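Have a look at the model first, and then follow along with what I looked up.

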Number of protein chains: 2
Amino acid sequence: MARKTGSHSEITGPKIRAEAQRLFARHGFAAVSMRQIAAAVGVQAGALYLYTSDKEALLFDLLKTHMDELIAAWRAEAPAGAEPLAALEAFVRFHIRFNLERAEVVFLSYMELRNLSEENFAVIEGLRKTYETELEQILMAGQAAGVFLIPDTKLATMAIIAMLTGVNTWYREGGRLSRATVADIYWDMVRKAVGA
Amino acid sequence: MARKTGSHSEITGPKIRAEAQRLFARHGFAAVSMRQIAAAVGVQAGALYLYTSDKEALLFDLLKTHMDELIAAWRAEAPAGAEPLAALEAFVRFHIRFNLERAEVVFLSYMELRNLSEENFAVIEGLRKTYETELEQILMAGQAAGVFLIPDTKLATMAIIAMLTGVNTWYREGGRLSRATVADIYWDMVRKAVGA
DNA sequence: TTTGATAATGAACGCCCGTTCAGTTAGCGT
DNA sequence: ACGCTAACTGAACGGGCGTTCATTATCAAA
């Protein structure tokens, strides 16, 4: 017993995060025990504490990494200096694609925020606000340019994000529509909703 | 000790449901113990079992009651034989108002479904589907009448409901906008989204 | 081949969990 | 005033929880 043959932190570390993400998404943070995560990884519970300070830090790490990657991915592919209409279309398609690709952690980031400490919650909320602002700025630019007709850009931001994120609740691989078709249809509805 | 002065099941029963709803919504089903609920009510944990068979039944009862009341309330106030446009407007305003009035249990019904047994989950899912169908039929009628221009009524149904329910995540009493104003703005966006 | 760092064990800590039940008190019709 | 029933207590059940730590086996550099 003790150290196992072929054991390395570069393997065990990611494995712990992956299994924690999977289990948290499936059963909920509070309903999953450290012993369950350890069993899924193939170690004893005590070994997890070589990789995380406590259970909440494990959740926070998953959410923080996700939000950072979400914002970075959008900024990397957002069309620089594009017309508001093209920028909005890019955002809609990006949001649907990215969130469907990472359904587990997206689910977590909507469901398990209340299990974070006050400070950690504030960090994630801040990153979410940052992401939302990216959309709101597109809407404001379009409104200013007369391309969009929006009664309230703040509400439109929340409405569009809720609508797009909602795809994750019903979309199933191999269903009636492909991801691309879903994105087409949602883009049509969003475009009309902002009066363009 | 034992029975308390002035104790009645017609008082304790609702009190248990109210406190359970409040605590489940605030901390999550799995994170709330029967002892916490009992303490909030002012009884010992064992007394809860005079009112519920187990913890899950307590949650199911809250969700089932809510869904029944949601559907009944909509059917009671849905304009009979109205034009699709008027029916859709009524639905939008109803959904926002009803969900804001019952924010706690609405939150529960979106977050805690996975804590139900398979059979209980199916019951709630069925009721949700029933409610969604009410909206979809309005959309189909409007589409058939040429009043709406919707690429896919199923997706439009999910999109609209996600968008409307999203109000609950950001709306705070005493904020910038009144409930009525929020409903006005959302109705404007929904109307445009369906091409009317 | 030795040796220090790394990765993991497994037992233990105190604590809380959902649920049951024999016993006790209050309400209330007679 | 009595007696039955409804309401609740408090202790107990077996079990799981997050976390710590002394110990041990493996890895990798010298």
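**Around the DNA strand**

I began with the surface near DNA strand C, where α2(B) gives the most, with three residues. This is a predicted model: local features need pLDDT of at least 70, side-chain atom pairs count only at pLDDT 80 or more, and totals for chains, interfaces and linings use all residues. For my bookkeeping, residues are numbered from 1 along each chain as its sequence is written, chains are lettered from A and ligands numbered from 1 in the order in which they are written, and side-chain values use heavy atoms, with hydrogens and water left out.

I then asked which elements each supply at least two residues of that surface, and found α1 (9–27) of chain A together with α2 (34–41) of chain B. Helices here are DSSP runs (H or I, at least four residues), numbered from the N terminus.

I counted 31 residues surrounding DNA strand C, the closest being Arg3(A), Gln44(A), Tyr51(A), Gly6(B) and Tyr49(B). Near means that a heavy atom of the residue lies within 4 Å of the strand. By type, I noted twelve nonpolar, eleven polar and eight charged residues; Ala, Val, Leu, Ile, Met, Phe, Trp, Tyr, Cys and Pro count as nonpolar, Asp, Glu, Lys and Arg as charged, and the others, Gly among them, as polar.

For Ala2(A), a polar backbone atom lies 3.3 Å from a sugar or linking oxygen.

**Between the chains**

Next I turned to the contact (heavy atoms within 4.5 Å), which takes 34 residues from chain B and 34 residues from chain A. I found that Arg114(B), Leu155(B) and Lys192(B) supply 25% of the area that chain B buries against chain A, more than any other three residues. Buried area is the accessible area (1.4 Å probe) that two parts lose on being put together, summed over both.

How many salt bridges does the rule find across this interface? It finds four, taking a side-chain nitrogen of Lys or Arg within 4 Å of a carboxyl oxygen of Asp or Glu. I wrote down Arg114(A) with Glu112(B), whose closest N and O atoms are 2.7 Å apart.

Notes: Polar contact = N/O pair within 3.5 Å; in protein donor to acceptor, adjacent residues only side chain to side chain.
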